[in-house]
Amino acid sequence: MSQNIRVLITAATLSATVLSSNAIASDRADWPQNFTVGTASQGGTYFAYGSGWANYMSENLGISGGAEITGGPVQNMALVHTGDLGFGLTTMGPASEALEGKSPLAPGMKLDNVCAMFPMYQTPFSVTVLTNSGITRIADIPEGARIGFGPAGSTSDTYFPRMMDALGVQYERRNGSWADLGGQLQDGLIDVVAFAAGIPIPAVSQLEVQSDIRIIEFNEDEVTRITAEFPVAPFTIPANTYSSLNADSQAVSMWNFAVAGCDVPEELVYEMTRLTLENNDKMVSIHKAATTSVAENYVHNTVIPWHPGAARWFNENGYTIDVSQIK
């Protein structure tokens, strides 16, 4: 090969590299220098999932990212809507109420600057007690029982009290982080913890290592009554989820989705969606609940408009999100 040809090839290669670098720089010109995802309290699945996801995105996209402890889905919808957070994790029920202007944090205000990114997992609603409490079913919960419903404004705190009301349970309402409520249950300061979080819930896994606990399931009649009145569906907690279970446990559940501010740069959301959905093994290593963080489950979003960046990835990969569903 002559010297002149070598020079031409080298120049062409350098030119292509510069053009590629310029294109990447252009794509990222409007990206933030850092990002934060709203999760929920420590000891719950949102915090574990969200923290791991933020670190994974940060490592692969070259921008600083982290998780923020919040009150959960209701607050996350508000914080993402206002732009205080770029990203958040939410549940279909609270998301629907927020978009309709029925959020308890902002009554009458439609929190609609929030767009869907990708499906996460289902949140089962389950009841945990100490074995020596004598409670073996929902109907056994005594009048005036002190029930911990999770952080104020969380999915659990929003819906579980209503469910207990519908089932005729009379209780004293308590709030706190899942980790804190687990400690209170052990110390006899509360009688029941009504969990709503992706499984396995870290606080429940920790509890059963330290105490003898019983996970109470809903019977067939209770499931029928609850699913008729609330935006939940029947769900089975597999027996191998917790060592305290000897058989599958019947519960009800609600879907969770990751969301972004609708004005977050399209290319950033596209890349985050791609990394998440094309590397499910990595997501499962962050939290087992991510086994359902797969593209096919996008159909469970019937409430939140899609972010253009996320919709582009889905439509490029054989899934259909109509333009009318994109913000």
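**Notebook: helix pairs, a disulfide, one serine**

I looked at α3 against α4 first, and α3 passes α4 in a right-handed crossing. I am working on a predicted model, where local features need pLDDT of at least 70, side-chain atom pairs count only at pLDDT 80 or more, and totals for chains, interfaces and linings use all residues. Residues are numbered from 1 along each chain as its sequence is written, and side-chain values use heavy atoms, with hydrogens and water left out.

**Entry: α3 and α4**

I read α3 as residues 73-82 and α4 as residues 92-99. Helices here are DSSP runs (H or I, at least four residues), strands likewise (E, at least two), numbered from the N terminus. The α3 and α4 axes lie 9 Å apart, at an angle of about 45°. Axes are lines fitted to C-alpha atoms, for helices over the stretch in contact, and angles run from 0 to 180 degrees between N-to-C directions. The pair α3 and α4 is therefore oblique. Under 35 degrees would be roughly parallel, over 145 roughly antiparallel, 65 to 115 roughly perpendicular; the rest is oblique.

I listed the contacts (heavy atoms within 4.5 Å). From α3, Pro73, Val74 and Met77 meet Pro94, Ala95, Ala98 and Leu99 of α4. The α3 and α4 contact residues divide into 7 nonpolar, no polar and no charged. Nonpolar covers Ala, Val, Leu, Ile, Met, Phe, Trp, Tyr, Cys and Pro; charged covers Asp, Glu, Lys and Arg; the others, Gly among them, are polar.

**Entry: α9 and α11**

I then took α9 with α11 (residues 308-316), whose axes come within 7 Å and cross at roughly 50°. α9 and α11 are therefore oblique too. α9 passes α11 in a right-handed crossing. Contacts from α9 include Glu266, Tyr270 and Arg274; those from α11 include Arg312, Trp313 and Glu316. The α9 and α11 contact residues come out as 7 nonpolar, 2 polar and 5 charged.

**Entry: disulfide**

I searched for cysteine sulfur pairs within 2.5 Å and counted 1 disulfide. Cys115 and Cys262 form it, with sulfur atoms 2.1 Å apart. Cys115 sits in strand β4 and Cys262 in the loop between β10 and α9, 147 residues apart. Both Cys115 and Cys262 are buried. Buried means under 20% relative accessible area, exposed over 50%, partly exposed in between (1.4 Å probe, protein chains only).

**Entry: Ser156**

I found Ser156 in helix α5 (residues 155-166). Ser156 is buried, because its relative accessible area is 1%. Among the residues Ser156 touches are Phe125, Phe149 and Trp178, not counting residues up to four places away in sequence.

Conventions. A crossing is left-handed if the near helix is turned anticlockwise from the far one by less than a right angle, and right-handed if clockwise.
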